[in-house]
Each structure stands twice: as C-alpha cells, then as structure tokens.
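The entries follow the order in which I looked things up.

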Amino acid sequence: MKLYQIALREIGRRKMRTLYTASSVAISVALLIAALMVGMAGQKDLLLTIARYGHSLTIFPATSNETSLQNFGIGTGHYIPEDSIPTIQEVYEKAIRIGWEKKGGFVLDAGAPGGVDMLQPAVFTPRLYEETTVQGKKVVIAGIRPSEEYTARFWWEVDEGSLLQKNDECMVGKVFSKVTGVKAGDVLTINEKPFRVSGVLRETDSPDDYMIFAHLGKVQEAFGKPNRVSLINVRAMCNYCPVGEAELALNTTVVGIRATSQREIAEAQHRIFKNVTSVIVGLVLLSMIIACMAVFNMVMGNIHNRLREAGLLKVAGASRGQLMRLFIYESLIIGLVGGLIGYGLGHALAVTVGPMLLSGAVIEPQWEYLPIAVGAAMIASMLATIYPAYYISRIRASEAFRAL
Amino acid sequence: MAMKVELRELNRAYRIGDQVIEAVRDVSLSIDAGEFAAIIGHSGSGKSTLLSMIGGLARPTSGTVLIEDVDIWARDDAFRSDFRNARIGFVFQFASLIPTLNAVENVALPRNFGKGGNRAQDEEEAIMLLERVGLGERLFSYPSELSGGQQRRVAIARALINSPALLLADEPTGDLDEETEAEVMELLLSSCRKTHAAFLMVTHNRAIAEGADHVFRLKGGALQ
C-alpha cells in the first residue's frame with residue numbers, strides 16, 4: 001500500500017471534515033475564478049468600448065507645419081491623393097513590423113483580450129468630406145469605402161433599413177435623420193445627384209451622427225474631386241501597436257501628408273490592462289491566503305487527533321519525510337476537491353453576477369481557468385499543511401508512544 | 001550477528017517549570033538474543049521512558065543504547081527510522097491499529113516504510129502471520145470489527161512482520177482477561193523463540209515477570 005492510498009483512506013474516514021475543509025478552499029477558489037472571469041470579460045468589454053472612440057492613426061493632408069485642426073485642411077481644399085494609399089500602407093506596415101521587433105515581439109496569447117487573434121492587418125478607411133445643403137440643412141457628406149469602414153467600425157448598426165451597400169445609395173446619421181425626418185427608402189439630392197437612403201445609422205455618439213455617407217467614388221464624382229480624400233483613418237486592429245513608429249515613419253517618408261497617432265488611447269488601454277491585471281493578481285493572492293488560513297486552522301485544529309496516528313506510524317518505521325508526505329498528500333487531495341468545487345461555484349457566480357456588473361456582458365465558460373483553480377487550491381492547501389505536517393513529523397515519538 | 005541490547009549509564013531528565021524530573025537514572029543492563037527480560041516497577045518509575053529510549057523514540061539525556069553494537073542515538077533520525085522499521089517490533093498496551101486499514105493492511109504497514117517492498121508479497125506474509133496468531137478468519141476485518149484481544153493479536157503480527165531482532169512490549173496484556181492474556185503471552189514468547197529475537201517487556205504482572213530470563217526492577221528511574 002502506498003502512502004497516498006493511506007492518505008485516501010484517511011480522507012474517506014473523515015468525509016465531513018474533508019468536505020468542510022475543502023469547502024473553505026472552494027469558496028476562495030470560487031471568488032478567484034469569478035473575479036478572473038468577470039475581470040477578463042470586463043476588460044474585453046472595456047477594450048471594445050475604447051475602440052469606439054477613435055482610430056489608432058489619422059492621416060491628414062499636410063498644409064503647414066502647424067498642428068492645429070484648422071490647418072489639417074479638412075474642408076479647406078486640401079486633399080490626399082487616393083492613389084497614394086498603397087504607398088502609405090506599405091510604409092505603415094513596415095514601421096509597425098520594426099516597432100514590434102523593437103518591443104521584443106511582445107504578443108499576447110490567442111484568446112486573451114488583445115491577443116494574437118486581434119492582431120489583424122490594419123484597416124485603412126479613407127474618407128472624403130464635403131459640405132453641402134440637403135433638405136435645407138447644411139450637412140457634411142462623407143465619401144467612404146463601405147467594406148473597410150464596416151471592418152474598422154464594427155459597432156455600426158442601423159436603426160432602420162440597411163447599411164450602405166449599393167453605389168447609388170446613401171446612409172444618414174441618426175441626428176440628421178431626426179432633424180430632417182429623412183427615412184430609409186427616401187431619395188436625397190446631393191449636389192444634383194439622386195441618392196436613395198439605404199438606412200439610418202444607429203446613434204454612435206460621434207460626429208458620424210450628423211453626416212450622410214455615400215460611396216467614396218460617387219462623392220468624388222458628385223463634387224468633382226476624383227482621386228481625392230480628406231483623410232485616412234488607420235485602425236491598427238491590435239493593442240499596444242507601435243503606432244508611434246508608424247506615425248514617425250509616415251511623417252518623414254511620405255510627402256504631403258501629416259500622420260497623427262492617438263497614442264493616449266493605446267496608453268490608456270495599456271494602463272487599463274495593467275491595472276486590471278494587478279487587481280486580478282491581488283485577488284489571486286488574497287484568495288490563496290484566505291484558503292491557506294482556512295486549511296491551516298482546520299489542520300491545526302485536528303492535529304491532536306492525529307498525534308496518536310503519527311506516533312504509531314513513527315514506531316512502525318515511518319521517517320519524518322514520510323510522515324510529512326502523508327499529511328501533504330491529504331492536503332493535496334483536499335485541494336483537488338476544493339479546486340474542482342470552487343471552479344464550478346466560481347463559474348456559476350460569474351455567470352450570475354457578471355452580467356449585472358457589466359451591463360449585460362456575456363460571460364463565457366473559461367475552461368483554461370480549471371487548471372488554475374485546481375492548481376491554486378492544491379498549492380494553497382499544501383502550503384497551509386507544511387507547518388502542521390512538519391510539527392507532527394517532529395513530535396517526540398515517546399509522547400505519542402505514551403498517548404497510545 | 002547475535003542480537004544484543006546493551007544500555008550504558010542511560011539517563012533521561014526533563015524540566016517542568018523550574019523542576020528537573022529525572023525519569024531514568026544511570027541504567028545499565030544487557031540482554032542477549034532469544035532472551036526474555038521484564039521491566040517492572042510502579043507507575044511513573046520510568047519503565048515506558050526506558051523502553052522508548054531503547055526503541056529509538058526518546059533521546060536519552062546521556063548514556064548509550066547499543067543494539068547489535070550500533071549506538072542508535074549517535075545516528076540520525078532517518079537511520080533510526082530505518083533501523084526501527086527493520087530491526088525492532090513494538091506492541092503497546094492499548095489498541096494501536098490504524099482504523100482505516102483492515103487487519104492485513106495493518107500488519108503489512110511497516111513494509112510501507114521500508115526499502116523496496118512488494119505489495120502482493122507483503123500481504124501474503126501478513127496473511128501467514130495473521131493465521132499464525134489465530135486470525136485467519138478475520139483477515140479483512142477493520143479494527144472496529146475486532147475485539148480487544150483480536151486487535152492485540154493483529155498488533156503482535158504487525159510487530160513481527162519484519163522479523164525483528166528486538167521485540168519491545170509495553171504492558172501488552174494490561175487490559176486483557178486472564179485467558180486472553182495467557183494466549184497473547186504465549187504468542188509473544190513463542191514468536192520470539194522461533195525467531196530468536198530478544199524480548200523486552202514492561203509489565204505490572206509479577207507472574208509474567210517471574211517467567212522472564214531477567215527481571216529489571218525500576219524505582220524512581222533507577223534500577224534496584
């Protein structure tokens with residue numbers, strides 16, 4: 001019979017005590033798992049929210065050395081040639097690769113928020129802005145490339161009708177629709193060209209709500225601006241992308257443009273990621289300490305009942321190491337049971353509480369946390385048992401001998 | 001090598017508050033292989049403490065315990081554990097079985113701590129020993145299913161599993177009726193005779209002591 005089998009028998013004999021001890025571990029593990037699941041879901045949700053507020057890089061026509069907005073040339077007759085986009089794209093991608101190499105190729109694992117599954121090629125969304133009057137209201141017409149735009153602004157949805165698809169269609173912002181009463185199916189005349197309204201864009205809380213969107217080529221044609229775009233938004237499609245490197249490379253390499261990165265967004269993402277990670281690590285440590293204390297109290301409380309058994313094993317020839325191992329095996333089994341129960345409880349807790357905390361965010365099962373739960377429980381349980389096991393192994397066998 | 005237990009000026013003192021208690025004082029004695037020695041004395045006279053020191057369970061304050069010419073207290077704990085496992089058998093006064101193990105597993109228990117070991121062989125030997133002590137019908141009974149006398153027999157079988165050269169017994173018949181006491185004593189003595197093991201027993205029972213090759217009387221921790 002192996003030592004672990006003796007430990008299993010002992011566990012089997014003290015089922016209620018084992019369950020009681022394991023449940024204290026399970027509660028700590030449940031909190032840990034719930035915190036991890038809700039924390040990660042919250043982080044993902046937060047990153048998506050941040051993603052709505054801007055692009056990683058915006059490229060304007062270079063009109064002067066000043067950096068104030070009015071000098072970027074929007075609506076002031078300054079444009080970027082549309083056929084320069086492939087060159088811009090090439091410079092950008094090269095700079096990003098160099099930037100990643102400088103960072104040591106830091107990439108998060110697939111599945112993790114901001115991980116390699118989010119490292120998609122950057123999306124370039126050129127826009128041509130022109131001002132005109134539609135339905136008696138001054139409005140900005142934005143010429144866009146719909147497929148790129150939908151990839152970059154993945155949160156775009158319509159309240160009625162459908163997203164802009166056909167060449168002779170346009171899509172209106174929510175505020176414009178409210179102000180003018182324009183609905184899906186109406187036909188608008190823009191610079192003497194008819195456009196059928198495909199749909200009304202759901203409110204985005206951005207300037208898009210005030211605009212009319214049409215195909216870039218049609219807007220260029222309607223306003224006599226072939227091969228012209230007002231700006232190019234670049235969505236890096238990754239977290240911590242070295243967009244600063246790309247900004248520098250574009251400004252020093254491509255003539256006639258000025259690239260401005262929104263580094264503060266990347267930095268904010270980084271800060272949030274770091275803070276959430278710190279909080280989770282803190283919770284992990286706290287939960288492990290609580291589990292350790294619970295197991296320690298249980299084991300120490302039971303130690304006098306075990307002295308007799310320890311003494312007997314010692315006189316039968318068990319060494320201190322074997323005695324310690326026996327008690328540690330028991331703690332590992334308790335940890336295993338506690339970890340499994342804790343994972344289940346934590347999962348249930350996260351699924352129940354998570355959507356309340358994260359306003360409807362979906363909490364998905366995270367099977368990769370199962371080994372974390374079991375591992376943390378077993379380590380906590382083992383750490384808590386080291387001292388009691390050491391204490392028992394060091395008892396003078398004569399005392400146990402007398403106790404017998 | 002013929003088994004010989006030799007104690008030289010063995011002392012054991014401990015402190016309770018300011019008071020120093022001398023549990024064992026200057027005890028010197030020797031027992032040869034195959035001999036039966038009884039230690040008698042009143043409660044608190046140091047009998048169990050002496051037995052613990054001989055068995056490598058309680059460290060003497062001074063003096064030497066030589067078993068097969070090995071000074072066991074000059075060696076480390078791991079050595080003493082191995083030595084105890086391989087060379088010394090213990091039988092106690094009270095039930096000393098692991099409640100979660102059946103009779104066979106309790107008897108084979110010391111084999112778990114020794115070097116090597118083969119479960120099937122260990123169990124086979126445990127079954128033979130249990131049959132020898134008259135428990136062939138109760139091989140897989142748990143301690144709670146056995147009477148006091150039966151539990152004592154299991155403990156004796158366990159003490160004998162490693163064919164010890166020295167058998168130490170601390171009042172092994174103290175709580176048994178006369179008939180069972182006689183059976184247990186006969187079992188212990190015949191087992192020791194068979195294996196030529198030295199047998200050292202603490203007892204209050206003068207009748208048992210009278211049958212011993214040596215009788216050591218302890219009073220206040222010292223031999224009389």
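**Ground rules.** I call a residue buried if 20 or more other C-beta atoms lie within 10 Å of its own, exposed if 12 or fewer, and partly exposed in between, with C-beta atoms placed from the backbone. My helices (H or I, at least four residues) and strands (E, at least two) are DSSP runs, numbered from the N terminus. The model is predicted, so I keep local features to pLDDT of at least 70 and side-chain atom pairs to pLDDT 80 or more, while totals for chains, interfaces and linings use all residues. Residues are numbered from 1 along each chain as its sequence is written, and chains are lettered from A and ligands numbered from 1 in the order in which they are written.

**Entry 1: helix 4 of chain B.** I started with helix 4 of chain B, which has 14 residues and reaches 20 Å from its first C-alpha to its last. That is close to the 20 Å expected at 1.5 Å a residue, where the expected span is 1.5 Å times one less than the number of residues. Which residues of this helix are buried? I found B:D122, B:E125, B:A126, B:L129 and B:L130. Seen down the axis of helix 4 of chain B, they fall within an arc of 140°, so they line one face of the helix; the arc is that of the directions from the helix axis to the C-beta atoms. On the other side, B:A120 and B:Q121 are exposed. The cover over the buried residues includes helix 3 (103-113) and helix 5 of chain B, where contact means C-beta atoms, placed from the backbone, within 7 Å. After helix 4 of chain B comes B:G134, with a positive phi near 85°.

**Entry 2: B:R138.** Next I looked at B:R138, in the loop between helix 4 (119-132) and helix 5 (148-160) of chain B. B:R138 is partly exposed, with 18 other C-beta atoms within 10 Å. Beyond its neighbours within four places in sequence, B:R138 is in contact with B:A103, B:L146 and B:Q150. B:V104 is 34 residues from B:R138 in sequence, and the two are 9.0 Å apart in space, C-alpha to C-alpha.

**Entry 3: a sheet in chain B.** I traced six strands of chain B forming an open sheet in the order 6-7-8-3-9-10, with mixed pairing; two strands pair if DSSP finds at least two bridges between them. Strand 6 (88-91) and strand 10 (222-223) of chain B stand at the edges, each with a single partner strand, so one side of each has no neighbour in the sheet. Strand 9 (residues 214-219) of chain B pairs with strand 10 of chain B in the antiparallel sense over two bridges, and B:L218 has B:L223 as its bridge partner.

**Entry 4: strand 4 of chain A.** Is strand 4 (residues 137-144) of chain A mostly covered or mostly open? I see it mostly covered, with six of its eight residues buried. Eight bridges join it to strand 3 (residues 123-134) of chain A, antiparallel, and A:E131 has A:V140 as its bridge partner. These two strands of chain A form a hairpin with two residues between them. In the turn, A:Q135 has a positive phi of about 55°. Strand 4 of chain A also runs parallel to strand 9 (residues 212-215) of chain A, joined by four bridges, with A:G143 opposite A:A214.

Note on methods: Contact = placed C-beta atoms within 7 Å.
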